[in-house]
Structures are given as C-alpha cells and as structure tokens.
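Here are my notes on the model you asked me to look over.

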Amino acid sequence: MLRIDEKLKNLVPDCMVGVVEAEVKVKESSEELVKLLNEECELLTNSIKLEDLSSEETIAANRKAYKACGKNPSRYRTSSEALIRRVLQGKGIYFVNNIVDINNLISMKTQFSIGSYNTENIGENIVFTVGEEGDEYKGIGKDMVNVANMPVLADEEGKFGSPTSDSRRAAIDENAEKIMMCLFSFSGKDKLESGMNEIKGLLEKYADGKNIKTNIVE
C-alpha cells in the first residue's frame, strides 16, 4: 500500500503516483524491445532540442517540484530528464534487463520519472514523502545518494527510491519475481493512465507479466 505524505502534498499539490504491480520474469531484452527503445531515442532526437528540454511541460513540472522541496533541479535532475538529456547528447542508453528497459522506454515517452522495485525487498507500508537532512542510501551503480529535501519513497526500513535515483536494496535483478513500478507525476493525472496501460501491455508481451494491477495514488 502506497500513500502520499501531507508534507509532500502541501509542497506539490499536483503530486500523484501511478502504481503498476505485476508478476514477471526478468530476462535480457528481446531484439524487438531493444528496437522499440532505439526508435524512441531517434524520435526524441528529432523532436526535442537539448536547450529546450527544461521547458517541456512534464520536465518543467518535475523541476518546479524539486525546487518546492528545496532541491536544486539542475544539480539533482529527475531520472527522466537525465535519461532524455543523455539521448539528446548522442550518448545512447544502457540496456539492463527487460523490466528496466521497459521502465526507460515509458520514461522517455511520458517524461515521467519511473522507479521499478523488487517487492520482496521492500515493506508493505510505503509513503511518498520529502527526505530529511542526512537521508541517504546506496544507489544503483553509484555510491551514496543524498535524498534530503527530495521527493522520496520510504518503508519501515527507511528510504529506498526517488525520482532521481533508486537504491540497491530494491533494485530489479534476475531473481525478482514480483515488482512495483511507480510513475512519479508532479503535474496531475494527465498521461498517467496511458503510461500505466502501455507498461501493462509491454510487461505482458516482453516479461511474461501476470496478475497486473494498476492504480493512481493521489
């Protein structure tokens, strides 16, 4: 169960989270899924200029939310902005596994930051809140991530995910069988429903997805 803390809601009234839960099989992405990602990269390159990215509606809302929480959005970018910037700079993307790659595909399409978590390694009572001074965790592919004054997910054990970078504790690896994907919106419901539905279809097609549930938390 996920809820949004009043502290975050007061700072960012339009904050919502689209939640997708599913049973999946984690594996290397198929050639077809890789092709979809490469096509999206090409589409982005042809439709957005790097200098205009921060003015894109959803990216601008993400940056505004970080400022409201007290975080510098140019120093601590959301994962969607960082991913799209990388593509626009011609650096390409990393291919990890089918779940992470689906995550990145929909993040590029919607401009929402999306977190994917192995539900075996997180608690049942999850809150989307604002990090406090000293809050940090070991990030995926990096050292400690400073999540003070940043929108962040927490469970009984502590903080484990944010729209900037997720923790190693909840990372998706080949052993994950049940997952939760969170689409972080700071601009209301627009695109959340379609984003979740597209994820559902991709999980069914490329990850043997079963018992898929979707929900918008306001």
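1. Overall size. The protein has 218 residues, and a compact globule of that length would have a radius of gyration near 17 Å; this predicted model has 16 Å, which agrees. (The radius is taken over C-alpha atoms, and the globule rule is 2.2 Å times the number of residues to the power 0.38.) Along the principal axes, the C-alpha atoms fill a box of roughly 45 × 40 × 35 Å.

2. Ground rules. The model is predicted, so local features need pLDDT of at least 70 and side-chain atom pairs count only at pLDDT 80 or more, while totals for chains, interfaces and linings use all residues. Residues are numbered from 1 along each chain as its sequence is written, and side-chain values use heavy atoms, with hydrogens and water left out.

3. Surface and contacts. Of the 218 residues, 52% count as buried (under 20% relative accessible area; exposed is over 50%, partly exposed in between, with a 1.4 Å probe and protein chains only). Among contacts (heavy atoms within 4.5 Å) with a separation of 6 or more, 73% come from residues 24 or more positions apart.

4. The four-stranded sheet. You'll find six helices and 10 strands in the protein (DSSP runs numbered from the N terminus: H or I of at least four residues, E of at least two). An open sheet has the order β3-β9-β2-β10, with antiparallel pairing (two strands pair if DSSP finds at least two bridges between them). Its edge strands are β3 (113-118) and β10, each pairing on one side only. Six bridges join β3 to β9, and Gly115 has Cys182 in β9 as its bridge partner.

5. Which residues touch the most other members of the largest nonpolar core? They are Met108, Ile179 and Leu203, out of 38 residues (a core is a set of buried Ala, Val, Leu, Ile, Met, Phe, Trp, Tyr and Cys residues joined through side-chain atoms within 4.5 Å). Elements that each supply at least two residues include α2 (31-47), α4 (79-88) and α5 (98-110), while α6 gives the largest share, six residues. Leaving out residues up to four places away in sequence, Met108 touches Leu37, Glu40, Cys41, Leu44, Leu83, Ile84, Val87 and Ile93. A second, separate core has 22 residues, among them Ala65, Phe128, Phe184 and Phe186.

6. Strand β7. Take a look at residues 151-155: five of the five residues in β7 are buried. Both faces are covered, with Pro151, Leu153 and Asp155 on one side and Val152 and Ala154 on the other. Four bridges join β7 to β4 (residues 126-130), antiparallel, and Val130 stands opposite Pro151. Three bridges join β7 to β8 (residues 158-161), also antiparallel, with Asp155 opposite Gly158. β7 and β8 form a hairpin with two residues between them.

7. Is Asp166 buried or exposed? At 13% relative accessibility, Asp166 counts as buried, although its place is in the loop between β8 and β9. Its contacts, again leaving out residues up to four places away in sequence, include Gly115, Ser116, Tyr117, Tyr137 and Phe160. Asn46 lies 120 residues from Asp166 along the chain, and their C-alpha atoms are separated by 29 Å.
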